[in-house]
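Student: Hi! Could you walk me through the charged pairs in this one?
Tutor: Happy to, let me bring it up.
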Amino acid sequence: PANLKRSSQPNDNRWNAVYVEQSARDRKYMFRLGRQSGSSGGMPGRFDGVAAGYSVNQMWRLNAAVGKPVEYVSGGNPADAKTFYSGSIDLTRLPDQWSGSAYGSVQYVGGGYKTGGIRERTALGLEAHYFDQQRSYMTQVELDTIYHVINLATFQANWSKETGENYYMTLDHRRSPPMALNLQGQWTQSLKELFATGSISLQNLRNNAVALSPISNMFAVGMSRPYSSNLRFATDFRLSNTAGQGASITTTKDGGGAIITDTQLAPASSGNQYAWSAQAIGNNLLFDNDLGIANYSYSSSDTSKGHNLSFSQVVTFKEKWRADTSLSLSKSSSNNDSTTTQLRPSLTLNYRKNDRLSFSGEAGVEQFRSVAVNSDSKTFRKYFFLGYRWDFR
């Protein structure tokens, strides 16, 4: 139709990784330039910059990185761009399979170290790892020296026995999201201009960073053991909670110089959330080379409870055919006397004609029912699809 108009909104193109990397054949040195992901050493999750590493000997390695974090958030002032610097020293090998790293990272807003940037984050961290044929331990601790709080403290352990039994435990304490000066979309002026006019203070922003970065905790244990040569049982338990965020307070000045205080209340604590599951995994039980998984899980919190029962079966027959069947039944209830039930059976068939061409089809049913104090709604949906895959070589 003639009245249709092209949208005026700009395209949202996001490059996740574009970089050039060079390393020695013996891995003695490495450097990477461009958009990349930071995996350790206090680096941001994604940044534009340069990272390099150099092995002093077989045990010690030095690493450094500098760049600008990539944040996919609209708004904010371009003058408030962030710059970070990080460095670490790695212990790459010990006789008893120990390894680890010590790192430091500092981040500035509105410039760098020598260009008058405002220090937003200073972190010191330690990582340690231990591996052998039957055990593995991993731990990490990170301290923010500006706020004098622990950003992250984790511990993971895995044990296995020659009889095939496996055990694991996880402890996790962290601030999520990490503390940072919340600048996006609040002001049109840059941070330095706001400080110069007295519209807001750095301490005010740092207090808000603490209030808007709640603490989350998680504890999990689990085990699995073989019952026979083709049947294994597993179970796990998980406890988690998230502390309530504090109130964020913003003070600004109006055109006449009067102080305006804006207080935003944050969500309360989530309370303890519990989850328990039991699983049975079998192969060659009903058919040759089949794989079946039956799972039951239960979850509970201060506001709701839930049950889920599921079963899946994978069968390969006549070499080129594979059938996947699944069935899921779940029920949840909340403190406001509402319940929701879901039933989802499905069947998928795959046929591989050769190494390049394969065909697949899936059909299923989804049934939902939601019951509240003054309502009772039902939804029934059927679906199917057919497709093929052709690999070009």
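Tutor: A word on terms before we start: buried means under 20% relative accessible area, exposed over 50%, and partly exposed in between, with a 1.4 Å probe and protein chains only. This is a predicted model, where local features need pLDDT of at least 70, side-chain atom pairs count only at pLDDT 80 or more, and totals for chains, interfaces and linings use all residues. Residues are numbered from 1 along each chain as its sequence is written, and side-chain values use heavy atoms, with hydrogens and water left out.
Student: Which residue does Glu165 pair with?
Tutor: Arg225, with 3.7 Å between the closest N and O atoms. Glu165 sits in the loop between β9 (149-160) and β10 (166-175) and Arg225 in strand β11 (residues 215-228), so their bridge ties together parts 60 residues apart in sequence. Strands here are DSSP runs (E, at least two residues), numbered from the N terminus.
Student: And is Glu165 buried or exposed?
Tutor: Buried, at 12% relative accessibility, while Arg225 is partly exposed at 43%.
Student: Switching topic, what does Arg381 bridge to?
Tutor: Glu366, and their closest N and O atoms are 2.5 Å apart. Arg381 belongs to strand β21 (residues 375-390) and Glu366 to strand β20 (residues 357-372), so this pair links parts 15 residues apart in sequence.
Student: What about Asp172?
Tutor: Asp172 bridges to Arg174 at 2.7 Å between the closest N and O atoms. Asp172 is buried, with 16% relative accessible area, whereas Arg174 is partly exposed at 32%.

Definitions and conventions
Salt bridge = Lys/Arg side-chain N within 4 Å of Asp/Glu carboxyl O. Helix = DSSP H or I, 4+ residues; strand = E, 2+ residues; numbered from the N terminus.
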